[in-house]
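Please walk me through this structure, with the cut-off behind each term given where the term is used.

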Amino acid sequence: MGNCCSDVAGGQSAVGGTGKNQNDPAYSPNEAVDAFLKSRGYQGLYSQIELSLSATSLRDRDMLSKSDPMAVLYSKEKDGSLKELSRTEVVLNSLNPKWITKYTIAYYFETVQNLVFRVYDVDTQFHNQDVKMLKLEEQDFLGEASCTLAQIVTKSGRSLTLDLVCGEQSSGQTHARKLGKLTVLAEESVSSKTTIELRLRCSELESKDLFSKSDPFLVVSKATESGIVVPICKTEVIKNDHSPIWKSVFLNIQQIGSKDSPLTIECYDFNSNGKHSLLGKIHKSLSDLEKLHSAGIGANLFIPAALGPNQQNKVLKSELFVESYSEKIQYTFLDYLAWGYELNFMVAIDFTASNGNPRLPDSLHYIDPSGRPNAYQRAILDVGEVLQYYDTDKRFPAWGFGARPIDGPVSHCFNLNGSNSYCEVEGIQGIMMAYMSALHNVSLAGPTLFGPVITSAAHIASQSMTNNERKYFVLLIITDGVITDLQETMDALVQAADLPLSILIVGVGGADFKEMEILDADKGERLESTTGRVAVRDIVQFVPLRDVQNGDVSVVQSLLAELPSQFLEFMRFRKIQPTL
């Protein structure tokens, strides 16, 4: 989330890309363009967080003086192993040290980042050594604490105080002897939140296609200190046009360096095979682009010279113009968290008969006696593990649909906890227990309808917005089949797009999920209701479990990647600005 999604849709924000206007016929979403950019260094969304450490009431391990403490920061990997990230300096003769050394860590919303902090008393004989060379086993251990990065950034003031305990007991699950306290302060490394909004156009582009005009798009890149050119944003592809006017792109000043830092703007003719043809390029800084806009003039593109000492760049008739240029202050996702916004998790589970008899091992709802989670349980655990840190009360609405409760008709939205009056359960384990209980208390039926659960979630989000609560809701729908109320679902989604709500859909099993692709506007045009109203924003993210369960990208990362951008898009759509 470069600047942690400091702007609107998709990758626009943090990496400075453009927002998507799905209603424009010129808009052409193309995975080949994204693959092209990734091959050249384009990265996903993240934010840089600077961590500062201090401690109080440490143990005194020295005979004639106080301890000389040093802190060591680790990341805890999925297999439980620790990877050392950083060491502070040694503070001499102090039981209440405030270390100067900072550590900058990339914060990823869509992953759980477990951190471990250990404090050591450095023996006097090692005080003249570089801390990186110290053997930790030769120092006195003073205590350990652990947390997730999300726990720090969601705390008021982004400051979290932890008890230091002995050894592997810092998770709080034991009655370990407390050995002092460690405070971790997180600061978002955004020296400037000034964002430049540019709208660019070109004239008289050359044709690279035999029977039609070119399909141009722009790529804006910067040069790193080592001279490597790294793409930082792109425009949309405009079909069959030699004088294109693209939608606005957003560039963060800190991301670039300064307004005088050189940028490279390249214009390409899009090809579906990913081999895009260069139509021309230009080198300009933001200051240069601002001058072009003020003067109302263009600048000629060129084709780089072939290799050779006497070769010259070929200057083209094609020109680049700056249609609009403006500077804005953009708030980040973490700014809203610091202001007190929460993400509230909801879940809806498919209990239709197509899942198979839960008592049989081939059922998608089968509960394995060995404890291995089924697809539904895995999706709940993986998504809930991330989102739970952003919800203070951890009371989650949970529903089922497509089943017949005992002695009742088929219900397309029933409370998973069996209550007739309330839908909330306590924590992720509460969802898991309610799910397993429901398997014994309902009969799987059908059909598969999404409309009722989306309407229930939208009602809660609407009430929260009416009460001016600082809450944004995330509904996880887990399903095995093709929905039979597609238009009703689209109507519900168009209405829900006005609300503080995003919907994550996990498809399990081997069904054809083409209709889910329609709901996820990444793959096509914005949703339209039966009355002709178009959704104001994309709030759906869909992923088939089978597409990612064997790959490098986890279900959680696939689902949650767009969530901060959807959150920020809603805030700006509603003109909600944090007071920091």
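**Rings, sheets and helices**

The charged end of Arg118 lies over the ring of Tyr74, at 5.4 Å from the ring centre, where a charge sits over a ring if NZ of Lys or CZ of Arg is within 6 Å of the ring centre and within 35 degrees of the ring normal. This is a predicted model, in which local features need pLDDT of at least 70 and side-chain atom pairs count only at pLDDT 80 or more, while totals for chains, interfaces and linings use all residues. Residues are numbered from 1 along each chain as its sequence is written, and side-chain values use heavy atoms, with hydrogens and water left out.

Strand E2 (residues 69–76) pairs with E3 in the antiparallel sense over five bridges; helices (H or I, at least four residues) and strands (E, at least two) are DSSP runs, numbered from the N terminus, and two strands pair if DSSP finds at least two bridges between them. E2 and E3 form a hairpin with five residues between them, and Gly80 in the turn has a positive phi of about 90 degrees.

Strand E5 (residues 114–121) and E6 pair in the antiparallel sense over eight bridges, and Asn114 stands opposite Thr148 in E6.

An open sheet of four strands is also found in the order E4-E1-E8-E7, with antiparallel pairing. Here the edge strands, each pairing on one side only, are strand E4 (103–107) and strand E7 (159–163), and neighbouring strands are turned by 30 degrees against each other on average, direction ignored. E7 and strand E8 (residues 181–188) pair in the antiparallel sense over five bridges, with Leu162 standing opposite Leu182 in E8.

We turn next to the aromatic side chains. The structure holds 17 aromatic pairs, where rings of Phe, Tyr and Trp (its six-membered ring) pair if their centres lie within 6.5 Å, and planes under 30 degrees apart count as stacked, over 60 as edge-to-face and the rest as tilted. Tyr336 and Phe567 form an edge-to-face pair, with 5.6 Å from centre to centre and 80 degrees between the planes. This pair links distant parts of the chain, for Tyr336 is in helix H6 (residues 333–338) and Phe567 is in helix H14 (residues 563–573), 231 residues apart. Tyr336 is buried, with a relative accessible area of 1%, and Phe567 likewise counts as buried at 1% relative accessibility; buried means under 20% relative accessible area, exposed over 50%, and partly exposed in between (1.4 Å probe, protein chains only).

Phe351 and Phe414 form a tilted pair, 5.6 Å centre to centre with 50 degrees between the planes. This pair too links distant parts of the chain: Phe351 is in the loop between strand E17 (342–350) and helix H7 (375–387), whereas Phe414 is in strand E20 (residues 414–415), 63 residues apart. Phe351 is buried, with a relative accessible area of 0%, and Phe414 counts as buried at 10% relative accessibility.

Ring pairs also join Phe109, Phe333, Tyr336, Trp339, Tyr341, Tyr390, Tyr472, Phe567 and Phe570 into a cluster. Over the ring of Trp339 sits the charged end of Arg470, 3.9 Å from the ring centre.

Two packed helices are described by the angle between their axes and the distance between the axes. The axes of helix H9 (residues 451–466) and helix H10 (residues 486–496) come within 9 Å and cross at roughly 15 degrees. That makes H9 roughly parallel to H10, as angles under 35 degrees count as roughly parallel, over 145 as roughly antiparallel, 65 to 115 as roughly perpendicular and the rest as oblique. The crossing of H9 and H10 is left-handed, a term used if the near helix is turned anticlockwise from the far one by less than a right angle, with right-handed used if clockwise.

In helix H5 (residues 286–295), the buried residues are Leu286, Ser287, Leu289 and Leu292, and just after H5, Gly296 takes a positive phi of about 70 degrees.

Key:
Axes fitted to C-alpha atoms, helices over the stretch in contact; angles between N-to-C directions.
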